[in-house]
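Have the sequence and the 3D view open as you read.

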Amino acid sequence: MPGKEKLIQWVEEMARQTEPKRIVWCDGSDEEYHQFIEEMQDDRSLIRLNQKEYPGSYLHRSHPSDVARTEKLTFICTTRRADAGPTNNWMSPKEAQTRVWPLYHGAMQERTMYVVPYLMGPPGSPLARAGVEITDSLYVAVCMRIMTRMGRIAMEQIGRTGEFVKALHSLGDLSPERRFIVHFPKGDEIWSVGSGYGGNALLGKKCHALRIASVEARQEGWLAEHMLILGVQSPRGEVTYVAAAFPSACGKTNLAMLMPPPELSGWRVWTVGDDIAWMRWGDDGRLYAVNPETGFFGVAPGTSAKTNPNAMATIRRNTIYANVAMTHDGLPWWEGMDGPSPAEAWDWRGHPWSPASEDKASHPNARFCSPATQCPCISSKWDDPQGVPISAILFGGRRARLTPLVLESFSWSHGVYVGAGMATETTAAQSGAVGVVRRDPMAMLPFCGYNMADYFAHWLAQGGRAGAVLPKIFQVNWFRQDENGKYMWPGFGQNLRVLQWIVDRARGRGAVVAPPVGFLPDPKAIDTTGLGVSEESMRDLLAIDTEAWLAEMEEEAAFFGLFGSRLPEELRREMSSQEKRLESANAKGGR
């Protein structure tokens, strides 16, 4: 078939450059997976955990300099710098050929080249897309098998369509000075060299499913987003599907796998996906979302039976852990896990550790990689080729001040403005300082494969589609703090109380008030029965400090100013309208 011939030709070309000792074409079978696991145990790149307590689970340790996404070394390669935009690192294709391509020369000598065909999206879905990752890392190969539909099913689609994303990965020498992740949107191609960390090396994930796919989505009229997908089922049996964008390590997986508290009996939350959503418009005018992945690549620290019991159940078997600690009994451990700290353990570097140690046992960005089918609350529609109809879209992040617990946008265009202006405090998922407030529009700042001004325009254009049944757009903030730095909202499973109001609003119910920044819940619209949150605290959680918002808008305007005349005029009008509403409210005196 022409598609397979094209693939073979590309693999041969990459082999000539990288000079591997041998080439293995991965078929995605159980037998192959277990063989790879055994090989990794033999070379100590994978450590067997306690198989009685964690059957089929193993520990991988990455190089200490290679533990998070390297955004400063991630590039979009377009002929014109303006097409990449001011929020992306840009490199011309010509510069990539001279600066990055030579790093692959002989990079796989004495190594095995693994050819990993993979499919993103459910088979038969209008959004299913194939890719092939070439890698010299067995860790990447086994994780891609968990995270994607790997092997024969991908080869069949490549054979039918002749289309696939070309993803080349090599560990290189793991030097940060020779580490690059570059994307060629025009050619559907990705190069990654010098890193073995998941986000930099599992190229079907952020690189393909967001940076490359976002360009394709713009061209074809759909959306590729850094969003979880969940279904909220009421005691009446109604299921309302929600997509939500949060920066990494801001509670996305916890929300996607939310377990309702006992006092909210009859409610259920179903997980469709925890990280990425591909959304297209259906014939009925509704927006349908699919999860392109088949696994969870979640942050381990902070995950516990309290914060995410469904995740803890998911990762008790057939899981590849990265950079967590290991007890002397062969159990994985991390800060925030249930129970007391172990008396002794091996830390994420493999060094002896005890509670008296100065350093953390687990890296703050330690990860687990688990099959989605193991999740106790996985939706029966998680792999539906048509996807699930989205009724509400949430934008959220970590803000200790300013942003209320929840607000609803006035309109689709106002909702796009809310998402475009989103800011959050950085976490360990990004390299660099933690706790710094930065703009992260729609949680896509590190993942949009083209100029974000055009990305905003693409979102705005969806609101003008003929016959479109537009989801309502909300902003949430679980992380608001009081003057003493204490979280004001209990979060985790109790977030369902906020989702209840969101569902009501999506279905045309629920009382609201209309301050300058969006619709807020009526003071009694969120059920706080038995929660221990006072009426005063709820007022504070929903309070709008107009002076603080006006100051925030100055920073927002400076961010939007980066895009110059390319910023959509509709977004400028929304910003101007919000500023006028805030100034009017401030003149009347108030919060």
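Predicted model: local features only at pLDDT ≥ 70, side-chain atom pairs only at ≥ 80, totals over all residues.

Residues are numbered from 1 along each chain as its sequence is written, and side-chain values use heavy atoms, with hydrogens and water left out.

**Helix pairs**

Two packed helices are described by the angle between their axes and the distance between the axes. Helices here are DSSP runs of H or I with at least four residues, and strands are E runs of at least two, numbered from the N terminus. Axes are lines fitted to C-alpha atoms, for helices over the stretch in contact, with angles from 0 to 180 degrees between N-to-C directions.

| Helix pair | Axis distance | Crossing angle |
|---|---|---|
| α15 (546-561) and α16 (569-587) | within 9 Å | roughly 160 degrees |
| α11 (412-420) and α12 (452-462) | within 9 Å | roughly 155 degrees |

α15 and α16 are therefore roughly antiparallel (over 145 degrees), and α15 passes α16 in a left-handed crossing (near helix turned anticlockwise from the far one by less than a right angle; clockwise is right-handed). Contact means heavy atoms within 4.5 Å. On the α15 side the contact includes W549, L550, M553 and F560, and on the α16 side it includes L571, M575 and L582. By class, this contact has 9 nonpolar, 3 polar and 4 charged residues. Nonpolar covers Ala, Val, Leu, Ile, Met, Phe, Trp, Tyr, Cys and Pro; charged is Asp, Glu, Lys and Arg; the others, Gly among them, are polar.

α11 and α12 are therefore roughly antiparallel too, but α11 passes α12 in a right-handed crossing. W412, S413, V416 and A420 of α11 meet F456, W459, L460 and Q462 of α12. That contact splits into 6 nonpolar, 2 polar and no charged residues.

**Sheets**

Strands pair if DSSP finds at least two bridges between them. β18 pairs with β24 (367-371) in the antiparallel sense over 5 bridges, and F297 has C369 in β24 as its bridge partner.

Another open sheet runs β21-β20-β22-β23, 4 strands with antiparallel pairing. Which strands are at its edges? They are β21 (332-333) and β23 (352-353), each pairing on one side only. β22 (345-346) and β23 pair over 2 bridges, with A345 opposite W353 in β23.

Key
Parallel < 35°, antiparallel > 145°, perpendicular 65-115°, else oblique.
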